[in-house]
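Welcome! Take a moment to look over the sequence and the 3D view, and then follow the notes below as you explore.

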Amino acid sequence: MTDLLIRNTAAIVTGLPGAAARHAGPDIRLRQGRITALGQLTPEPGETILDATDCVAYPAWVNTHHHLFQSLLKGDPLGLNATLTPWLTAIPYRYRAAFDADLFRLAARIGLVELALSGCGTVADHNYLYAPGLDFDTSAILFEEAAALGLRFVLLRGGQTRSRQVESTLPQALRPETPEAYLADIQRLAAAYHDPAPDAWRKVAVAPTTPLHAVHPQELDLFAAEARRLGLRLHSHLSETVSYQDAAQDMHGTTPIRFCADHGWLGPDVSFAHLVKLDPEEIRLLGQTHTGIAHCPQSNGRLGSGIAPVLALEAAGAQISIGVDGAASNEAADMLSETHAAWLMQRARNGEAARPHCRGGQGEAQAAAAPTVEDVVRWGSAGGADLLGLTGLGRLAVGQAADIALYRLDQPCHLGLHDPAIGPVAGGKATLKRLLVGGKTVVEDGRIPGLDLAQLSHQARAGVTQLRQGAAG
């Protein structure tokens, strides 16, 4: 592993809170895959110099919620203008049975490449393509593809032991697993892949697709107990739309968050994707238990779900992170566009709630409480790392893993920029000069070494055609 000195950065955003959110730098020293110094540093014998003049350094992004298989399901007209429930029927459920091992691998590769090229070093994928009799191991494929690119990978092992009405037409090969089979596979995956280290390259979490519909209530208790016995974290979808509130009330006479609390599914080792529709008591419970959110603003906007109350959740004590969700509901499934959207949407949410002074409000002052760019970087790096149990990364600080994204600000949107530190998030795009994960180069000058992007594009077009034919049949 090369000892490296990154020199002359224009700005360093650390992923840390408050006054520590920026470091004057301008240099960062790496040894054995870790950050050993930041400041004005003198080159030492034997170290390689990386000139970062006019570049901004961020911690490599940590994406806490994705569905990589959906990378071949972008922009299908049947789901483009749908809300969540009809979209589920029209897109992911319709195509699931059409995936074979090669198409699944291709989709995973496309999604991981897209993320890497945005500066993402850690990917947590909520994979739910599991079923009795499935003749390929989707978990193994995901770990293999992430390792081939040099990315850290967390498998959020999804799946279900019961079906919703919208899934009633699925082929038998994609019907639910038994609880026993689900737990047996969790145990297999934990033994084969899970590393509890705070800077691990591979982790596993227990993640049935949704607590309300994917499993029976008593199984939630069982799965939570087994996860904690194995030292695994818990994850699922929750409260993405108002339909979750209706379902929890109709099925259990309570709210979605209270239902989860009653079955051991709140706490600092638990996170939920979305959490868009919450009442004040639910926000209090999530904060009190330090439960986490994988905030997915672009997918929530695309499906018309709303904007999650992220600022209220953080103020209450919840853990905040950012996920891109699947590309079938977020055609720009990369972390730069996602953090850009998170910044804008939270400011818009605060502005929407603002009331004039003449009506007892705070005027524009309420919008001023919206997040800074530094907050969003923290959510998308340190916040995600902590939520996944990867506390050894996500920050540009001495002792942390050398997961670093260096951005050149040479896009037209950056020309005339007064503060280079905000450029990647505020512009929503930037040229990636270098992505380092554990000190190793993953992306160099906007390219992944050894990747034939033209060939991948050709394979993607053929894959879409094959999937459409399979779904039609």
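Where helix 4 begins, a side-chain oxygen of aspartate 137 comes to within 3.1 Å of the backbone nitrogen of serine 139. Keep in mind that this is a predicted model.

**Helix 4**

- Helix 4 covers residues 138-149, and its end C-alpha atoms lie 17 Å apart, which agrees with the 16 Å that twelve residues should span at 1.5 Å a residue.
- Nine of those twelve residues are buried, so helix 4 is largely enclosed by the rest of the structure.
- Among the buried residues of helix 4 are Thr138, Ile141, Phe143 and Leu149.
- The packing partners of these buried residues include helix 3 (101-117), strand 9 (120-127), helix 5 (179-193) and strand 18 (440-444).
- Just after helix 4 you can find glycine 150, with a positive phi of about 85 degrees.

**Threonine 14**

- Look for threonine 14 in the loop that links strand 2 (11-13) and strand 3 (22-23).
- Threonine 14 counts as buried because its relative accessibility is 2%, and the cut-off for buried is under 20%.
- The side chain of threonine 14 reaches the backbone oxygen of alanine 20 at 2.6 Å.
- Beyond its neighbours within four places in sequence, threonine 14 is in contact with residues including Pro59, Gly394 and Leu396.

**Proline 297**

- Proline 297 sits in helix 10 (residues 297-302).
- With a relative accessible area of 1%, proline 297 is buried.
- Setting aside neighbours within four places in sequence, the contacts of proline 297 include Gly323, Glu338 and Met345.
- Leucine 5 is 292 residues away from proline 297 along the chain, and their C-alpha atoms are separated by 36 Å.

Key: Residues numbered from 1 in each chain as written. Predicted model: local features only at pLDDT ≥ 70, side-chain atom pairs only at ≥ 80, totals over all residues. Heavy atoms only, no water. Helix = DSSP H or I, 4+ residues; strand = E, 2+ residues; numbered from the N terminus. Buried < 20%, exposed > 50% of the residue type's maximum accessible area, 1.4 Å probe, protein only. Polar contact = N/O pair within 3.5 Å; in protein donor to acceptor, adjacent residues only side chain to side chain. Contact = heavy atoms within 4.5 Å. Expected span 1.5 Å × (residues − 1).
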